[in-house]
Amino acid sequence: MNNFDLHKPLPYYLQFYEKIKQMIVNSEYEPGQRINETQLAKAFGVSRSPIREAMRLLEKDGLLVADQKTGFIVYSLSTEDVEEIYQIRTALESLAVELCIIRASDEELLFIEQLLERTAEEIKQGAEDSRLIELNERFHQLILQYSHNKHLKKQLDSVNVLIYFCRVLNFKGKGRAAEILDEHQQVFTFMKKRSLKAVEHMQKHLHHDLVHLQKRLTIRSASLK
């Protein structure tokens, strides 16, 4: 942690928020692990105040769960949580695809197509998972953006951190990035035709994500026993 550099333009508590969030998502803090602001402040070599604010934001996101005795417990993703998150995703992202088909300009659709081409190229070049996850997330964000419905975006943003948490775990497994890209391309093929079959393909894609995540959680659970 000593090599973590602070940047003055961004408030310290937001920098710690981003750093701790990434540590949780990347499993540097294990699900169910107990942490408190005193430990973190000592580890980062700072006062408790910015750490406290960062942890409050992480609790709001759902990545930390308050524990009166020890401070906080790192969120542990359950199969039930995954199912509920994907119920929300499927409903809202299906609508986003439908609206995108109707409202997106040809130029905006071209931008999505170029993103998919760039993703395919980076997979071939052996890009790191973190980069491919970023491109994966960008695909879904662009569809949401080009739906041109700010209230729909607000609803998805409310669970975005947990979606990202799922997305990182979802990339585990040989050839997973290529599988996800193939499904994205299937969705886009029909979006480009302005066909509502794109909605069906997005639903199939998210269902496959859900099944894969449930398998990964089962594997992780077994490894902890």
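Biologist: In this predicted model, which residue of β3 stands opposite R34?

Modeller: Strands β1 and β3 pair in the antiparallel sense, over 2 bridges. Within β3, the residue that stands opposite R34 is I73.

Biologist: How many bridges join β2 to β3, and which residue of β3 is the bridge partner of L64?

Modeller: Strand β2, residues 64-67, runs antiparallel to β3, and 4 bridges join them. For L64, the bridge partner in β3 is V74.

Biologist: Why do the buried residues of α2 line one face of the helix?

Modeller: Helix α2 covers residues 37-44, and E37, L40, A41 and F44 are buried in it. Seen down the axis of α2, these buried residues line one face because they fall within an arc of 100 degrees. An α-helix has 3.6 residues a turn, so residues three or four places apart point the same way. The value asked for is the arc, 100 degrees.

Biologist: What do the buried residues of α2 pack against?

Modeller: Their partners include one strand, β1 (34-35).

Biologist: Which residue caps the N-terminal end of α2, and which residue just after α2 takes a positive phi?

Modeller: At the N-terminal end, a side-chain oxygen of N36 lies 3.1 Å from the backbone nitrogen of T38, and the cap is N36. Just after α2, a positive phi of about 70 degrees is taken by G45.

Biologist: How many aromatic pairs does the structure hold, and what is the angle between the planes of F16 and F44?

Modeller: The structure holds 2 aromatic pairs. F16 and F44 form a tilted one, 5.0 Å centre to centre. This pair links distant parts of the chain, with F16 in helix α1 and F44 in helix α2, 28 residues apart. The angle between the planes of F16 and F44 is 50 degrees.

Biologist: Are F16 and F44 buried or exposed?

Modeller: Buried means under 20% relative accessible area. F16 has a relative accessible area of 1%, so F16 is buried. F44, at 12% relative accessibility, also counts as buried.

Biologist: Where in the chain do Y75 and F165 lie?

Modeller: Y75 and F165 form a tilted aromatic pair, 5.8 Å centre to centre with 50 degrees between the planes. Both residues are buried. They are 90 residues apart: Y75 is in the loop between β3 (71-74) and α4 (79-103), and F165 is in helix α8 (residues 160-170).

Biologist: Is H148 buried or partly exposed, and what is the phi of H148?

Modeller: H148 sits in the loop between α6 (129-145) and α7 (150-157). At 42% relative accessibility, H148 counts as partly exposed. Most residues other than glycine have a negative phi. H148 is not a glycine, yet its phi is positive, at about 55 degrees.

Biologist: Where does R194 lie, and what is the phi of R194?

Modeller: R194 is in the loop between α9 (176-192) and α10 (197-223). R194 has 30% relative accessibility, so it counts as partly exposed. Its phi is positive in a residue other than glycine, near 60 degrees.

Biologist: What span should the 17 residues of α6 have, and which residues of α6 are buried?

Modeller: At 1.5 Å a residue, α6 should span 24 Å, which agrees with its end C-alpha atoms being 24 Å apart. The buried residues of α6 are L132, I133, L135, N136, E137, F139, H140, L142, I143 and L144.

Conventions. Residues are numbered from 1 along each chain as its sequence is written. This is a predicted model: local features need pLDDT of at least 70, side-chain atom pairs count only at pLDDT 80 or more; totals for chains, interfaces and linings use all residues. Side-chain values use heavy atoms; hydrogens and water are left out. Buried means under 20% relative accessible area, exposed over 50%, partly exposed in between (1.4 Å probe, protein chains only). The arc is that of the directions from the helix axis to the C-beta atoms. Contact means heavy atoms within 4.5 Å. A polar contact is a pair of N or O atoms within 3.5 Å; within protein, one must be able to donate a hydrogen and the other to accept it, and residues adjacent in sequence count only if both atoms are side-chain atoms. Rings of Phe, Tyr and Trp (its six-membered ring) pair if their centres lie within 6.5 Å; planes under 30 degrees apart count as stacked, over 60 as edge-to-face and the rest as tilted. The expected span of a helix is 1.5 Å times one less than its number of residues. Two strands pair if DSSP finds at least two bridges between them.
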